[in-house]
Amino acid sequence: MIAQRTILTDEMVAKIEALAPRYPNRRALTLPALHIVNAELRHVPLQAVAEIAAVLGLAPAEVQDTLTFYEFFHQEKPHGTVRAFVCRSVSCALRGGDHLLEHLCHTNGIPPYGTTVDGSLTIEPAECLGACDFAPCILANDDLLKNMTPEAAEAELKKPRARAT
Ligand code: FES
């Protein structure tokens, strides 16, 4: 018996089902489904995992396995409305990426992977964002911030921006 859904909305389920024809089987929908839920909730709580599993006809452990394979998904609490990935790979590191990360964490009073008390910003170290020409760079939701200085990054991250999808 499928338990009552309390986290996944009809819209989320409709989005998941709309993708089904593009995938060879229901299991292959696991990652897209996690992204759909994460885009709405900014995290994927355990109950959502159980509900995704019910929608896909999988065991909750199978969905949880996929979720925990990727550092991308938060489970305990939502990430900030702005989620900033600060690149720390070699090109960015050589051009001050480590200092950038340190500065942003310090000025916002949070450790790496932390979220500000008001929930407006999460700062996470990231591996190469594929934009080495613009090092050091940051991915803030869907916006690539190029050639960042600590001051420019601070100002950029205060600007309102669309939620990542
Ligand atoms: S090393 Fe930072 S974008 Fe490639």
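This is a predicted model: local features need pLDDT of at least 70, side-chain atom pairs count only at pLDDT 80 or more; totals for chains, interfaces and linings use all residues.
Me: What about β1 and β3, parallel or antiparallel?
Reply: Strand β1 (residues 82–87) and strand β3 (residues 138–140) pair in the antiparallel sense, and three bridges join them. Within that pairing, A84 has A140 of β3 as its bridge partner.

Me: Let me step back to the whole chain. How many helices and strands does it have?
Reply: The protein chain has seven helices and four strands. Read from the N terminus, its elements follow the pattern α-α-α-α-β-α-α-β-β-β-α.

Me: What does the C-alpha trace span?
Reply: Along its principal axes, the C-alpha trace of the protein chain spans about 55 × 35 × 25 Å.

Me: Which domains are assigned, and what separates their centres?
Reply: The domain assignment gives domain 1 as 10–69 and domain 2 as 82–158. The centres of domain 1 and domain 2, taken over C-alpha atoms, are separated by 29 Å.

Me: Helix packing next. At what angle do α2 and α3 cross?
Reply: Helix α2 (residues 30–41) and helix α3 (residues 46–56) cross at roughly 140 degrees, and their axes come within 11 Å. The two helices are therefore oblique to each other, since only angles over 145 degrees count as roughly antiparallel. The crossing of α2 and α3 is right-handed.

Me: Which residues make that contact?
Reply: On the α2 side they are T30, A33, L34, V37 and L41, and on the α3 side A48, I52 and L56. By class, the contact of α2 with α3 has seven nonpolar residues, one polar and no charged.

Me: How do α2 and α4 lie, parallel or perpendicular?
Reply: The axes of α2 and helix α4 (residues 60–69) cross at roughly 70 degrees and come within 10 Å. That angle makes α2 roughly perpendicular to α4.

Me: Who meets whom there?
Reply: T30, L31 and L34 in α2 meet V63, T66 and L67 in α4. The residues of the α2 and α4 contact divide into four nonpolar, two polar and no charged.

Me: And α6 against α7, what are the angle and the distance?
Reply: Helix α6 (residues 97–108) packs with helix α7 (residues 150–158) at an angle of about 50 degrees, and their axes are 9 Å apart. This pair is therefore oblique, and the crossing of α6 and α7 is right-handed.

Me: What is in the contact of α6 with α7, by residue and by class?
Reply: H99, L100, H103, L104 and T107 of α6 make the contact with P150, A153 and E154 of α7. The classes in the contact of α6 with α7 are four nonpolar, three polar and one charged.

Me: Last topic, the backbone. Where is there a cis peptide bond?
Reply: A cis peptide bond joins A135 and P136, with omega about -5 degrees. P136 is in the loop between β2 and β3.

Me: What is phi at R42, and where does R42 lie?
Reply: Phi of R42 is near 65 degrees, a positive value in a residue other than glycine. R42 lies in the loop between α2 and α3.

Me: Why flag those two features?
Reply: They are flagged because most residues other than glycine have a negative phi, and most peptide bonds are trans.

Definitions and conventions. Residues are numbered from 1 along each chain as its sequence is written. Axes are lines fitted to C-alpha atoms, for helices over the stretch in contact, and angles run from 0 to 180 degrees between N-to-C directions. Angles under 35 degrees count as roughly parallel, over 145 as roughly antiparallel, 65 to 115 as roughly perpendicular and the rest as oblique. A crossing is left-handed if the near helix is turned anticlockwise from the far one by less than a right angle, and right-handed if clockwise. Two residues are in contact if their C-beta atoms, placed from the backbone, lie within 7 Å. Ala, Val, Leu, Ile, Met, Phe, Trp, Tyr, Cys and Pro count as nonpolar, Asp, Glu, Lys and Arg as charged, and the others, Gly among them, as polar. Domain bounds come from an automatic or database domain assignment. Two strands pair if DSSP finds at least two bridges between them.
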